[in-house]
Amino acid sequence: MTRLTILRVLPEELGFNGSSGNVTVLERRAAWRGVDVRIVDLPRGATPPGDVDLVVVGSGQEATARRALPELLGHAQALRALAAAGVPFLGIAAGWHLLGRRIEWSDGVAEEAVGVLPTAAVFGADWRAVGEVHGAAYDGREVAGFENHATRVERGGRGALATLGREPGGAPEGTDAADGVLAGASIGTNLNGPFLALNPSFADDLLQAALVRRGEALPAADERVRRADEHAARARAAIAGRLGATR
Amino acid sequence: MPVLAARAARALARLRGGGSAIPGRVLLALAPDFTRHALERLPYGVVAVTGSNGKTTTTHMLAMLLTAHGLQVVTNSAGGNMPQGVAAGILPWVGVDGRSRGDVAVLEFDEGWAPQLGRTIEPTRSLFVNIQLDQVNRYFEPDRVYRMLRSLGEATTGPVVVNTADPNLLEMAAELEDAGHAVVGFGVDPAVLRDAAHGVAAVDRVRGRLATVADAATVVAWRGQEATIRVPGRDLDVRLPARGLHYAVDAAGAIAAAASVLGDRFDPLAVERAFASLAPVYGRGDTIEAAGQRLETLMMKNLPSMQLNLDALDRVPSRLFIGVDEGTPDPSWLFDLDASGIDHVDVLSGSKAWHLATWLDYAGIPVHEIIEDFDAGIERFLELPAGDDTKVALVNYEIMFELRRKYGYLEIEA
């Protein structure tokens with residue numbers, strides 16, 4: 001049986017509001033297809049293992065992310081080497097920004113970040129985007145979720161993951177319709193919590209990218225995968241309905 | 001004059017059915033200083049109660065304890081916990097001179113409004129129940145909730161009563177003590193905490209030094225709906241309004257605050273008697289009659305409350321309904337829940353049903369039927385044959401309200 005290793009970075013600190021659920025989604029969807037998954041945690045003070053197939057960094061409050069940054073910078077070389085070797089990363093909200101090039105905290109202090117993803121983030125905008133969103137990904141795929149952030153992002157010329165529609169009048173002045181970033185097979189997004197549960201095709205993309213590196217492909221979906229996909233599709237449709245969006 | 005105008009507005013609002021904030025809006029527009037002016041001469045002062053989970057229950061318990069000691073207690077239980085609701089809630093006690101009758105006020109504050117209410121009212125005492133992960137869509141970050149509570153603590157003129165089982169509040173206690181405030185504790189014996197599956201569910205955010213605060217009331221034993229709470233020199237046997245360690249902690253908080261308010265008048269026997277006659281708090285773990293059968297209702301307001309309510313359920317329910325709508329805008333936290341206390345869902349309902357289905361898929365919990373429409377869903381659930389135990393409905397606040405209204409429980413929240 002194929003075995004994939006998912007590295008969960010600082011899970012004790014960066015798992016805010018269900019964002020560690022993304023690892024569960026990846027693990028379940030792989031297992032349902034007969035791909036065995038080993039989840040390896042990278043706690044504070046540990047060294048990242050070299051044999052990793054996928055890396056997930058969850059979200060946290062700004063203060064939590066700020067404390068996590070020096071620890072992650074200590075692993076920047078190792079993490080960048082994984083990315084250079086084609087290992088896909090998933091970064092959720094603050095986890096995305098930690099993986100970016102640079103972060104400016106809400107008090108104006110700017111720091112270099114890990115540099116796996118090409119984006120730079122500025123925390124503490126004078127607006128805050130909170131609510132359900134629905135839109136289309138870079139390839140036209142439907143995307144939905146919940147955002148809750150006050151972060152401006154500079155993408156360094158790279159494409160956004162998705163273009164979002166918000167509640168009528170719900171998008172504060174200055175918010176960007178674009179969300180997230182796609183860099184190679186890696187994904188960063190401000191759609192918080194278990195983004196992959198509502199958007200499982202992105203989970204399959206990440207698993208597929210991890211398997212392709214090993215010269216393998218994602219096995220066919222079974223009934224359990226299809227049921228979860230159906231539930232996610234209807235959950236996205238419910239969000240679209242609440243936002244009055246038409247697709 | 002503002003009082004009369006607000007009373008007129010209240011009468012009008014009642015004729016139209018509900019609308020408890022309307023008289024408050026009228027009041028605060030006519031007399032922005034109404035609440036402070038009304039409360040500033042109460043002989044036993046004002047106790048503000050706030051925190052993430054359990055503030056309504058704790059407010060209710062504290063008011064009851066003070067009433068049991070013969071005090072006339074002003075509360076906002078019929079109003080709301082934001083400025084207009086607080087003003088409306090105390091209105092029935094206020095005379096045309098703008099002063100409240102009564103001996104003491106016990107007021108629940110919404111965390112988000114705690115700084116403003118603190119500045120306006122300057123309570124004599126504050127009681128902080130906990131800082132847990134709650135309504136991230138509204139409060140954004142637990143750090144922000146921490147700062148909001150600390151601001152209320154700073155505005156409090158007398159002792160601040162804190163839950164010593166919540167490290168966040170011990171950190172806040174250290175900061176308040178450094179600023180010259182008196183802090184009183186209540187808490188849980190570590191042995192009791194060890195036996196509880198998920199402790200007190202405090203959010204993990206501590207940054208600084210923790211104070212050492214002595215407890216004025218400690219939960220030293222707990223089982224289901226019974227708790228033993230130790231006060232200096234005595235163990236009180238307390239009957240809780242529902243099963244759950246969190247209710248025992250709420251009771252300890254109410255007892256500690258009551259002891260602080262009452263001083264020498266505090267009577268342990270009056271406390272035991274008062275708890276023995278305490279009715280269940282609206283919709284938080286009580287049983288209703290619906291379509292000729294008993295239905296145990298549990299609230300899933302946020303991660304800690306749902307976890308503690310599941311932990312307090314002494315069985316795996318054989319018939320389970322889950323209902324959630326947009327009143328829970330972001331149910332992401334479900335992915336952090338330990339759902340080992342349930343093994344299937346009979347009917348999943350509400351406008352967030354599909355969203356919850358994705359969580360249940362990955363949690364490996366089978367869902368037998370998904371019926372988005374709440375009315376159809378609950379009716380279907382009640383049609384199912386009885387299981388081995390009382391049917392359970394696990395619902396969010398808004399669906400709890402709909403459920404109770406549907407089956408003839410028309411009361412306003414206690």
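How are α4(B) and α11(B) oriented to each other? They're oblique, with axes that come within 8 Å and cross at roughly 40°. Keep in mind that this is a predicted model.

**Helix pair in chain B**
- The partners here are helix α4 of chain B, covering residues 55-68, and helix α11 of chain B, covering residues 245-262.
- The crossing of α4(B) past α11(B) is right-handed.
- On the α4(B) side, the residues in contact are Thr57(B), Thr58(B), Met61(B), Leu62(B), Leu65(B) and Leu66(B).
- On the α11(B) side, they meet Tyr247(B), Asp250(B), Ala251(B), Ala254(B), Ile255(B), Ala257(B), Ala258(B), Val261(B) and Leu262(B).
- Sorted by class, that contact between α4(B) and α11(B) has 12 nonpolar residues, 2 polar and 1 charged.

**Helix pair in chain A**
- Helix α1 of chain A (residues 21-32) packs against helix α6 of chain A (residues 200-212) at an angle of about 70°, and their axes are 10 Å apart.
- That angle lies in the 65 to 115 degree range, so α1(A) and α6(A) are roughly perpendicular to each other.
- From α1(A), Val25(A), Leu26(A), Arg29(A) and Ala30(A) touch Pro200(A), Ala203(A), Asp204(A), Leu206(A) and Leu207(A) of α6(A).
- The class tally for α1(A) with α6(A) is 7 nonpolar, no polar and 2 charged residues.

**Where chain B meets chain A**
- Chain B puts 28 residues into the contact, and chain A puts in 36 residues.
- About 2600 Å² is buried between the two chains, with carbon and sulfur atoms giving 58% of that area.
- Looking at chain B's share, Trp354(B), Asp361(B) and Tyr362(B) supply 28% of the area that chain B buries against chain A, more than any other three residues.
- There are 2 salt bridges between chain B and chain A.
- Glu132(A) and Lys352(B) pair up through their side chains in a salt bridge, at 2.9 Å from N to O.

**Salt bridges overall**
- Over all chains, the count comes to 37 salt bridges.
- One of them joins Arg3(A) to Asp36(A), whose closest N and O atoms are 3.5 Å apart.
- This pair links distant parts of the chain, 33 residues apart: Arg3(A) sits in strand β1 (residues 3-9) of chain A and Asp36(A) in strand β2 (residues 36-42) of chain A.

Key: Residues numbered from 1 in each chain as written. Chains lettered and ligands numbered in written order. Predicted model: local features only at pLDDT ≥ 70, side-chain atom pairs only at ≥ 80, totals over all residues. Heavy atoms only, no water. Axes fitted to C-alpha atoms, helices over the stretch in contact; angles between N-to-C directions. Helix = DSSP H or I, 4+ residues; strand = E, 2+ residues; numbered from the N terminus. Parallel < 35°, antiparallel > 145°, perpendicular 65-115°, else oblique. Left-handed = near helix turned anticlockwise from the far one by under 90°. Contact = heavy atoms within 4.5 Å. Nonpolar A, V, L, I, M, F, W, Y, C, P; charged D, E, K, R; others polar. Buried area = accessible area lost by both parts, 1.4 Å probe. Salt bridge = Lys/Arg side-chain N within 4 Å of Asp/Glu carboxyl O.
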